[in-house]
Amino acid sequence: MLVGSVEFTLLILLLIIVFGPIVTERFKVPGLIGLIGGGVLAGPYVFGWLAAEGLVPDLGAIGILMLMFLAGLSFNIRAFIENRNSAIAYGLLGFVIPFVLSVGIMIWGFEAGFLGACLIGAMWASNTLVAYPEVRAAGLQNNRAVSAAVSAGVVADLLSLTVLALATATAVIEIEPEPFPFDLPDWIEDGWIEGAIEPSVPDPTLSLIIALPLLVFVTIWVLPRVADWFFVKIGRTRMQRFIFLLACMAAGASIALLGGIEGLIGAFLAGLGLNRLVPDRGSLMDRVDMIGTWFFVPVFLVSIGITIDPAVLFDLSTVVLALVFTAFVVVGKGLAAAITGLAFRFSPNEIGLMSSLSFGQAASTLAIAQVGLQLGMFDQQVVNAAVLAIVFTALLTSYGTAFFVKRVPRPVQPAARLGE
């Protein structure tokens, strides 16, 4: 049968990756929405061309690792140091305010369990710079507000991933984790999916106290030295170096799993450790970025789409929950930007641009949502609401950034001296 075969699955997957972003971007909607939407249409709940298990989810799991590995490799240490005061301030506030807001409301308003509420807080405290290409196209990438937003995003994501690591490690060592730690309050129609989700995370081999220091030691100290030796002594060809980098990513992810920590944490730390060995504009980085950004990460987004039932996605209670999630982002990031901007004397338009850039939610949010689903901390409806909230925030960050880039003056370029 054609449907379900590897050949047909690969064909549909590649067509979604190519045409999904093209279609949505014509309507000024970020391409990631096209990838998720393509997964919904081709998934088992609509046309049934892509299965919820098998090739696409497996490739999507690699996509999560590649995504976090690339985040570590491309981390701009110099830009972070140059804007460290405003970046750290905005990063801390941009994490703490949405996190505390989310945890507090989920516990007191939705009667969530503490770990589940913390994961939801980490989802909306992180951010993905979905609208950054518009800033670069406008020539504002060196603006102080943009630099602060970019660097602060790294700070917020690091803290969110730390919460994820602690939450997952704590969850897997519980004897009897509860599949659903919270329900919707009475004032929202009950829309949670029936049935329990069995946690799929294996028991940790090492305790968290041993695993975390071991993971940091191997990824930040051992892997860079091994990679440096390999590049100089053995790996002379580009292909050998490329494959070795992927092996380092897998090594970091595997060590993380030993302590019951999500593999994406290890992949990110491996990328951070190898950062100085892989120049941002070098040919090796281009190849890693190409295979990750152009294939594996889009497959991850498609794999999210195939798990979504459109009928449940647009259920009233799901929409309400998505609006609550969106409010966490807008209020939390907006308030953090306002406080930081006033403290460092940013203009109102710079504050608006900084907050608009930070509204974007995609990679880290989806990854944390999937982890929470697999651990049984919440059900599929939370993931559905998260996807819908990502759509809302993607529209807000795209249109908000487009609005403020027209009102923030371009940096004045110094005139070249005679003879240069």
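Let's start with helix H6, residues 114–125: at 1.5 Å a residue, its 12 residues should span 16 Å, and its end C-alpha atoms are 16 Å apart, which agrees. Keep in mind that this is a predicted model.

How much of H6 is buried? The count is 11 of its 12 residues, so H6 is largely enclosed by the rest of the structure. The buried ones include Leu115, Cys118, Ile120, Met123 and Trp124.

Helix H2 can be checked in the same way. Its 12 residues, at 1.5 Å a residue, should span 16 Å, while the end C-alpha atoms are 17 Å apart, which agrees. In H2, 10 of the 12 residues are buried, so this helix too is largely enclosed by the rest of the structure. Among the buried residues of H2 are Gly31, Ile33, Leu35, Gly38 and Val40.

**The nonpolar inside**

In soluble globular proteins, nonpolar side chains tend to be buried together. In this model, the largest nonpolar core has 108 residues, and Phe69, Trp124, Leu264, Ile265 and Phe325 are the ones with the most contacts inside it. Helix H12 (residues 283–305) gives this core its largest share, 11 residues. Apart from that core lies another, made of 21 residues, including Ala149, Ala152, Met354 and Phe404.

Which residues does Leu264 touch, if we skip those up to four places away in sequence? They are Ile64, Leu65, Met68, Leu161, Leu164, Ala367 and Val371.

Now look at Leu13, which sits in helix H1 (residues 6–25). Is Leu13 buried or exposed? Its relative accessibility is 0%, so Leu13 counts as buried. Leaving out neighbours within four places in sequence, Leu13 is in contact with Val56, Leu59, Val299 and Val302. There's also Leu50, 37 residues away from Leu13 along the chain: the C-alpha atoms of the two are separated by 8.1 Å.

**A nonpolar patch outside**

Some nonpolar residues are on the surface instead. Leu2, Val3, Leu41, Tyr45, Val46, Phe47 and Trp49 form a nonpolar patch there, and together they have about 670 Å² of accessible area. One of them, Val46, lies in the loop between helix H2 (31–42) and helix H3 (55–73). Val46 has 36% relative accessibility, so it counts as partly exposed.

Technical notes:
Residues are numbered from 1 along each chain as its sequence is written. This is a predicted model: local features need pLDDT of at least 70, side-chain atom pairs count only at pLDDT 80 or more; totals for chains, interfaces and linings use all residues. Side-chain values use heavy atoms; hydrogens and water are left out. A nonpolar core is a set of buried Ala, Val, Leu, Ile, Met, Phe, Trp, Tyr and Cys residues joined through side-chain atoms within 4.5 Å. Buried means under 20% relative accessible area, exposed over 50%, partly exposed in between (1.4 Å probe, protein chains only). Helices (H or I, at least four residues) and strands (E, at least two) are DSSP runs, numbered from the N terminus. Contact means heavy atoms within 4.5 Å. Patches are made of residues with over 30% relative accessible area and no salt bridge: like charges are joined within 9 Å, nonpolar side chains (Val, Leu, Ile, Met, Phe, Trp, Tyr) within 5 Å. Accessible areas come from the Shrake-Rupley method with a 1.4 Å probe; for residues, only the protein chains shown count as cover. A salt bridge is a side-chain nitrogen of Lys or Arg within 4 Å of a carboxyl oxygen of Asp or Glu. The expected span of a helix is 1.5 Å times one less than its number of residues.
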